[in-house]
Amino acid sequence: MDFAFMKETFLSLLSGVPLTLNLAFTSVAFGTVFAMILALMRLSGVSVLAAVAQAYVFVFRGTPLLVQIFLIYYGLGQFRPALQEWGLWIFFREPYWCAVLALTLNTAAYASEIIRGGLQSVPHQQVEAARACGMSGFLLFRRIVFPIAVRQALPAYGSEIILMVKATSLASIITMMEVTGIAAKLISQTFRAVEIFVVAGLIYLIINFIITRIVMAIEWWLSPHLRRPPAVEPRLEAAHV
Amino acid sequence: MQQLSYFELVGFGPNGWGWALLTATGMTLAVAVCGFLIGSVVGTFVAWAKVGGNLAIRGIADGYTTVLRGIPDLLVIYLFYFGGSAALGAIGSLFGAEGFIGVPAFVTGALAIGIISGAYQAEVFRGAYQVVSKGEIEAARSVGMHRWLMFRRIIAPQVLRYAIPGLGNTWQLVLKESALISVTGLVELLRQSHIAAGSTRRPFDFYLTAAVLYLLITWVSTYLFQRAENHSMRGIRRAS
């Protein structure tokens with residue numbers, strides 16, 4: 001192991017971290033919104049909407065992400081004249097936006113199942129009680145259903161975010177120079193696969209470790225009812241002043 | 001030149017890529033199955049280490065599953081692809097061979113998938129082992145079974161039964177991972193579609209076909225795992 005080389009590698013790989021995080025968080029943010037829509041479609045009770053959402057999830061969970069990326073980045077090139085006419089080519093020309101789009105569509109499929117599970121886990125009694133108090137529609141969703149569902153779904157959502165951080169490495173195949181992209185370039189230049197692998201792996205482990213801690217902190221913050229109440233200290237009244 | 005229709009393009013005619021795509025699908029299945037089986041062996045040993053090892057062995061096993069599940073699969077594939085060649089080159093130079101020795105892409109791919117899926121399968125097996133009741137193991141011991149016999153007759157059948165749903169999920173992961181092996185140049189489904197797309201300039205048609213073929217494999221294997229699960233649970237009464 002050559003530590004001087006590893007330090008140098010670490011510094012050059014670090015320059016890819018912003019792009020890795022950027023891709024992961026942009027796609028998770030868009031993907032969450034889309035996943036909410038899909039989950040609500042699935043639970044809407046309208047059979048057409050539910051079937052569309054189910055088919056979407058089946059297709060995007062059943063095919064490899066790399067195929068989805070290629071389909072968008074290379075595949076849509078086949079329709080270039082039409083896309084240029086609609087002014088969309090500026091968007092699909094950029095590997096960054098293609099990667100974000102593919103990652104978003106992909107995570108939306110997985111996340112919608114997580115959200116659906118969370119929404120379905122809300123006890124009926126809670127909803128009935130809320131209705132008995134006169135809540136309905138959006139108020140019911142915002143005050144009762146959503147907070148309970150979020151708590152249920154959060155641990156699984158944390159793993160999904162980590163899967164997305166890992167998935168951003170595929171953007172390197174369509175020329176995005178994030179951590180894996182830089183690592184691959186360095187490996188093909190120096191042929192020192194093991195050292196570079198160790199350093200790159202370490203960077204991903206650190207990122208994922210921090211994310212798990214943040215998710216755990218949010219979980220802790222959202223579940224005060226499950227924590228042991230702080231021991232109440234007997235208050236010492238100043239009786240003899 | 002006249003545009004070929006979609007079905008001429010992916011069909012089995014003189015200009016069709018049908019046979020090439022089917023062969024490549026076979027290659028995808030082959031590399032995925034080999035990787036999955038390697039992963040099962042690795043996973044069994046790692047699960048054993050996690051359940052029955054001492055502190056040091058358990059620490060190594062935990063480290064292995066944490067690391068392999070925390071870093072991108074693509075990095076592991078690069079490690080095996082470039083690292084394997086470098087290691088072979090180093091061994092080769094001992095015997096006087098010079099220059100770059102490539103590892104066959106199939107071997108690299110199957111090994112990389114095996115090592116990655118081993119980490120996932122270890123967790124599946126460990127979870128399933130914990131469902132096996134302690135009483136059964138004690139009973140087996142009390143009738144005088146040795147370790148191997150007990151593993152074969154008592155533990156393995158029950159662990160496998162409870163592990164089937166988890167193994168099904170891992171298999172889906174492995175199948176999708178196999179698409180990443182295309183970066184090493186192995187002509188599997190995605191690579192073949194890439195080649196066909198490049199030579200015909202119809203990328204959308206070919207990637208769409210690849211997606212449909214992957215979906216078909218997923219669909220069939222979901223069905224088979226469901227059958228296996230139902231079959232293995234036939235003697236078990238379930239609540240509700």
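Let me start with A:Ala200, which, leaving aside its neighbours within four places in sequence, is in contact with A:Leu13, A:Val179, A:Thr180, A:Ala183 and B:Leu75; two residues count as in contact if their C-beta atoms, placed from the backbone, lie within 7 Å. A word on provenance: this is a predicted model, in which local features need pLDDT of at least 70 and side-chain atom pairs count only at pLDDT 80 or more, while totals for chains, interfaces and linings use all residues. Residues are numbered from 1 along each chain as its sequence is written, and chains are lettered from A and ligands numbered from 1 in the order in which they are written.

A:Ala200 is also listed, with A:Leu66, A:Val67, A:Ile69, A:Ala183, B:Ile77 and B:Tyr78, among the residues with the most contacts inside the largest nonpolar core, which has 119 residues. Such a core is a set of buried Ala, Val, Leu, Ile, Met, Phe, Trp, Tyr and Cys residues joined through C-beta atoms within 7 Å, where buried means that 20 or more other C-beta atoms lie within 10 Å of the residue's own. Helix H5 of chain B, residues 105–131, gives the most to this core, with 13 residues; helices here are DSSP runs of H or I, at least four residues long, and strands are runs of E, at least two, numbered from the N terminus.

Two of those partners of A:Ala200, A:Val179 and A:Ala183, are among the buried residues of H10(A), as are A:Gly181 and A:Leu186. What covers the buried residues of this helix includes H1, H2 and H11 of chain A together with H4 of chain B. Why do we expect 16 Å for the 12 residues of H10(A), residues 179–190? The expected span is 1.5 Å times one less than the number of residues, and the end C-alpha atoms are 16 Å apart, which agrees. Just after H10(A), A:Phe191 takes a positive phi of about 60°.

Turning to chain B, we find 9 helices and 0 strands, and buried residues make up 40% of its 240 residues. The contact between the chains takes 28 residues from chain B and 31 residues from chain A. On the side of chain B, the largest share, 10 residues, comes from H9(B).

Definitions and conventions. A residue is buried if 20 or more other C-beta atoms lie within 10 Å of its own, exposed if 12 or fewer, and partly exposed in between; C-beta atoms are placed from the backbone.
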